[in-house]
Structures are given as structure tokens and as C-alpha cells.
Amino acid sequence: MLSLEHINMLVLSAELGSFSACARRLGKVQSAVSHGISSLEVDLGVELFDRSSRRPTLTPEGERLIRTAKSLLAQSYEFEKIAESIMRDEESVLTIAVDDALLVPNVAAVLKHLSQVFPYIELDLLSLSSPDIINAVANENVDIGLMFAEVEPNKQVDFCYIGGVDFIAVCHVDFPLSKLRVSSESELAPFRQIAVRGEGKKESQGLISITPSVWWCSSSYSALELVKQQIGWAYLPLSLVQPLIEEGSICKIDAVFDNKPWSAPVDLVSKKGAQRGPVYQCFFEACKNTFSA
């Protein structure tokens with residue numbers, strides 16, 4: 001049977017240039033390394049090193065095998081680390097649903113941190129509208145959701161308020177609303193609104209449409225694309241539209257009743273009584289800190 005220890009000796013000897021350097025790295029005597037590589041050659045039936053010169057060099061056969069040897073060692077290392085993560089009771093898979101309006105850079109940074117702290121977690125990231133996230137969590141299709149808060153409670157789901165996201169009313173700079181000063185909501189009625197809702201045709205309670213003519217999207221990014229095509233106006237996250245406002249293609253609607261950005265509350269949601277492992281807890285705490293900041 002092939003020995004991973006002997007394969008490691010092969011790789012280190014090739015990388016360091018000698019059996020003695022390999023022995024020093026491993027804290028062994030040189031004879032142990034020489035014997036280990038000789039045993040590997042016997043097991044494989046292949047001569048791995050040319051020993052005719054002062055410094056052993058890989059044979060053509062050894063050159064062919066060294067890449068696979070490195071791959072075997074990497075897989076062995078990963079095998080051990082996954083076993084260690086199991087011993088720490090880390091989740092093997094975590095499914096996270098995020099309203100895409102909340103996929104701000106700080107949340108992306110949280111996911112990057114998660115990948116570094118738990119490199120062997122399999123993460124399933126879903127982009128859903130907020131009303132759909134509650135159902136997905138309640139039906140146990142999602143472990144944790146990041147969404148805009150709902151007024152109506154759901155007895156199957158735990159909610160944790162973590163902060164808010166600023167929204168403003170915007171339109172394209174050539175859309176008729178861009179030239180008007182709006183004194184009341186009724187003055188918006190003649191203009192098509194682009195709004196977001198879920199598959200069940202339900203809007204988030206804090207983001208209700210206010211005009212009779214509405215085009216619907218399931219994504220804030222889709223809504224923004226329609227705004228950019230001058231199809232209508234929309235309430236969108238400030239972080240999403242700020243770059244376009246700065247470049248001059250999108251503008252904030254001049255509404256007297258809506259002079260400052262309003263903050264839509266954000267919740268973390270999970271199934272009541274669900275088991276919450278270390279990966280879940282890491283994401284939960286990092287998101288709390290992100291939005292509270």
C-alpha cells in the first residue's frame with residue numbers, strides 16, 4: 001500500500017533539491033528519507049530519482065508522477081481538515097437567502113470572511129425577494145434569511161432586527177418626473193412605478209407601491225434596469241443608485257414629502273427551534289454588526 005508519508009518525502013525532496021534537505025524539514029535522519037523513497041519506488045515499480053550525480057534529480061517518470069503526488073497530498077490535507085471541522089460540529093452545508101437589495105459590499109465582505117474562517121463549508125446562496133424568504137425559511141428550504149422586515153409576524157420563524165437600509169425615489173434624468181417638484185403622493189399617480197414583490201405577488205410591508213400603474217420585478221437590480229430605460233420610477237436602495245446619481249444618468253425625485261432617505265428595517269430570519277451551528281452563528285453575528293454600523 002502506498003504511504004502518504006513516502007509521497008510527501010518525494011515531493012519535498014524534489015522541491016528542496018536533496019534528501020538531506022527533506023530530512024531536515026521533516027526532522028528525520030537522511031537515511032530514513034532515502035529508505036522511504038526507495039520503498040515508494042518499489043511499491044510503484046518506477047525509479048523516481050536519478051542518483052548518479054551528487055544531487056538526486058527526478059527521472060522523466062518521476063516528473064510525470066510529481067504533479068499527481070502533490071495533488072494527493074493536497075487532497076489528504078483537505079480530508080484531514082474536513083474531519084476536523086466535523087469534530088468541531090461545523091455544518092457541512094448552509095443555505096442563505098438574501099434579498100438582492102441587501103447584497104451590499106459589506107455583506108459580500110461577510111461572505112468572504114465566512115469562506116476564510118470555514119473553508120470547507122458548502123454554501124448555497126439564494127437571491128429571493130423578501131416575502132419569498134419567509135416562506136423558504138418556514139418550509140426549511142433555507143437556514144437563514146436576510147430580508148426587509150415584515151409587519152405581519154410568522155409563528156414558524158424567528159426574527160432579529162439588525163438595522164436599516166436607506167431608500168430614495170429615483171428616475172432617469174430624461175424621465176418627466178425629473179423636471180417636477182412633487183408636493184404629494186397623488187402627483188405621482190400619472191407616472192408608472194417600478195416595484196418589487198415575490199412569487200406570491202406579495203410586496204414587503206415597508207416597500208408598498210403607491211401608484212395605480214405598476215410594473216413588477218422580483219429584484220431591485222431588475223427594477224433599476226427598467227428605470228434606466230425610462231419605463232418608470234422606483235424606490236431603490238441608496239447604495240445601489242448612488243453611483244448612477246453621481247455619474248448623472250439617474251436622479252433623485254424632488255418630492256417635498258420625501259425630502260430625506262427613509263430607512264427600511266432589515267431582519268435576520270431563521271426557523272424556530274432550528275439547530276444553529278458555528279457557521280450560522282458567524283454569519284448571524286457578522287451581519288448584525290454590519291448593519292448596526
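## Basis of the report

In this predicted model, local features need pLDDT of at least 70 and side-chain atom pairs count only at pLDDT 80 or more, while totals for chains, interfaces and linings use all residues. Residues are numbered from 1 along each chain as its sequence is written, and side-chain values use heavy atoms, with hydrogens and water left out.

## Packing of helices 7 and 8

Helices (H or I, at least four residues) and strands (E, at least two) are DSSP runs, numbered from the N terminus. Helix 7 covers residues 220-228 and helix 8 covers residues 238-247. Their axes, which are lines fitted to C-alpha atoms over the stretch in contact, lie 11 Å apart at an angle of about 25 degrees. Angles run from 0 to 180 degrees between N-to-C directions. The two helices are therefore roughly parallel (an angle under 35 degrees).

From helix 7, S220, Y221, L224 and K228 meet L240, V241 and L244 of helix 8; contact means heavy atoms within 4.5 Å. The residues of this contact comprise five nonpolar, one polar and one charged (Ala, Val, Leu, Ile, Met, Phe, Trp, Tyr, Cys and Pro count as nonpolar, Asp, Glu, Lys and Arg as charged, and the others, Gly among them, as polar).

## Residues with positive phi

E140, in the loop between helix 6 (130-138) and strand 5 (144-148), has a positive phi of about 65 degrees although it is not a glycine. Its relative accessibility of 60% makes E140 exposed (over 50%; buried is under 20%, and partly exposed in between, with a 1.4 Å probe and protein chains only).

Q230, also not a glycine, has a positive phi near 65 degrees. Q230 lies in the loop between helix 7 and strand 10 (234-237) and, at 37% relative accessibility, counts as partly exposed.

Methods
Angles under 35 degrees count as roughly parallel, over 145 as roughly antiparallel, 65 to 115 as roughly perpendicular and the rest as oblique.
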